[in-house]
Amino acid sequence: PDPEEPFNTAAAIAQWPDLNYIVLTSVDRDDIADGGSSHFALTVSYLKQLQPHLLVECLVSDFAGNLPATAALANSGLDVYAHNIETVARLTPLVRDRRATYTQSLAALRHAKAAGPEGMYTKTSIMLGLGETVEEVRETLRDLRENDVDVVTFGQYLRPTEHHLSVLEYVTPEAFAEYKSMAEGMGFKYVASGPMVRSSYKAGEYFLESKIKQERKAREQAKAAKEQESQA
């Protein structure tokens, strides 16, 4: 990779001072030892130096199970760590590259949350219409919550080309609403669910921006109150 890309990317983004939330992503870079984690982390670090108010989400791979790489990105100043689990456990070997396992994705999300600073959100996405059952989706949501994932989105799988898996079901708006209710009932902080919803969903970004800022303000107020008590 271009060693100047992190700074150049941050400098380019800094040209738009009215931006409040940005999502960084890339193709998988399994050809790099850390999967590109350090490249992402450096970009986030530069962004935070140039635009401290900017909230940054990174949508990344599982870094081939490299947990130190996961931790490095989680501690870069990132606000939202996103990695998509994509589908239920049974369908994972059919839908995803066999190197990207269901348990490896859960481990990456769990480690990001544990290694990152207080207030950093973890986020994932599930595609529907690949033959999953309601109970399998429910079990996936349980697994995600057990691994402390904060945000989940549901979208309709659409076949990119004839060489990809066929769509087995076009999920109804009513079913999407039911999945949203199911996830909210399990305690996810935010759920977006609909046929055209994708992981980077503009309405979701607005909500997360507001939620993150509210929580940070509450923590700062609680810290100030505690300091006043100790000085009294």
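Reply: Start with the term cavity. On a 1 Å grid over the protein atoms alone, a cavity is a set of points where a 1.4 Å probe fits but cannot get out. Grid points are joined across faces, edges and corners, and a volume is the space filled by probe spheres set on the points. Here, two cavities reach 30 Å³ or more. The model is predicted: local features need pLDDT of at least 70, side-chain atom pairs count only at pLDDT 80 or more, and totals for chains, interfaces and linings use all residues. Residues are numbered from 1 along each chain as its sequence is written, and side-chain values use heavy atoms, with hydrogens and water left out.

Me: What volume does the largest cavity have, and which residues line it?

Reply: Lining residues have an atom within 4 Å of a point. The volume of the largest cavity is about 50 Å³. Its lining includes Thr-25, Asp-28, Phe-40 and Ser-61. By class, that lining has five nonpolar, four polar and two charged residues. Ala, Val, Leu, Ile, Met, Phe, Trp, Tyr, Cys and Pro count as nonpolar, Asp, Glu, Lys and Arg as charged, and the others, Gly among them, as polar.

Me: What is the volume of the largest pocket?

Reply: A pocket is an open set with protein on both sides within 12 Å along at least five of seven lines. The largest pocket has about 550 Å³. It is lined by 23 residues, and Asp-28, Ser-61, Glu-86, Arg-96 and Ala-100 are the closest to its centre. Nine of the lining residues are nonpolar, seven polar and seven charged.

Me: Which element gives the most to the lining of the second largest pocket?

Reply: Helices (H or I, at least four residues) and strands (E, at least two) are DSSP runs, numbered from the N terminus. The second largest pocket holds about 270 Å³. Among its 14 lining residues, Glu-5, Thr-25, Ser-26, His-39 and Phe-40 are the closest to the centre. Helix H1 (5-13), strand S1 (21-25) and helix H2 (37-50) each give two or more residues. H2 gives the most, with three.
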